[in-house]
Amino acid sequence: MNYTTEDIQKRVDKYISQFKEGYFSPLSLQARLTEEVGEMAREINHHYGEKQKKSTEKNKALEEELGDVLFVLTCFANSLDMDLSEAFEQSMSKIETRDKDRWTRKEGESSNEQ
């Protein structure tokens, strides 16, 4: 399946809207995001680092953890009435300008200035 950021935001909102509690507060969402990023880091460490899983630990896919991070980020954006596409555009514009000459380009590649 392919989703636009708008699709993602609408699907998450449809899910959250069915509950009286609604979205968590920004502070709670930040804590939850930190928790999910920590779980993703743990999986990365198990797959690419030196720390092996204990035999008692459940095998989780890195993709699942990344999806959990995306879900919480989407909840965060929705709860604050922010558009993920607009946030992404602002970030990429900043990065493309600030970092355009920061690294060595591959041969034949030029700056993708907007």
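Helix axes are lines fitted to C-alpha atoms over the stretch in contact, and angles between N-to-C directions run from 0 to 180 degrees. The model is predicted, with local features requiring pLDDT of at least 70 and side-chain atom pairs pLDDT 80 or more, while totals for chains, interfaces and linings use all residues. Residues are numbered from 1 along each chain as its sequence is written, and side-chain values use heavy atoms, without hydrogens or water.

The axes of α2 (residues 26–48) and α3 come within 9 Å and cross at roughly 165°; helices are DSSP runs of H or I with at least four residues, numbered from the N terminus. The two helices are therefore roughly antiparallel (angle over 145 degrees). The crossing is left-handed, the near helix being turned anticlockwise from the far one by less than a right angle. Contact (heavy atoms within 4.5 Å) involves residues of α2 including L29, L33, V37, M40 and I44, and residues of α3 including L62, L66, V69, L73 and F76. The contact residues divide into 15 nonpolar, two polar and six charged, where Ala, Val, Leu, Ile, Met, Phe, Trp, Tyr, Cys and Pro count as nonpolar, Asp, Glu, Lys and Arg as charged, and the others, Gly among them, as polar.

Two or more lining residues come from each of α1 (5–16) and α3 (62–79), and α3 gives the most, with six. Seven lining residues are nonpolar, two polar and two charged.

Terms used: Angles under 35 degrees count as roughly parallel, over 145 as roughly antiparallel, 65 to 115 as roughly perpendicular and the rest as oblique.
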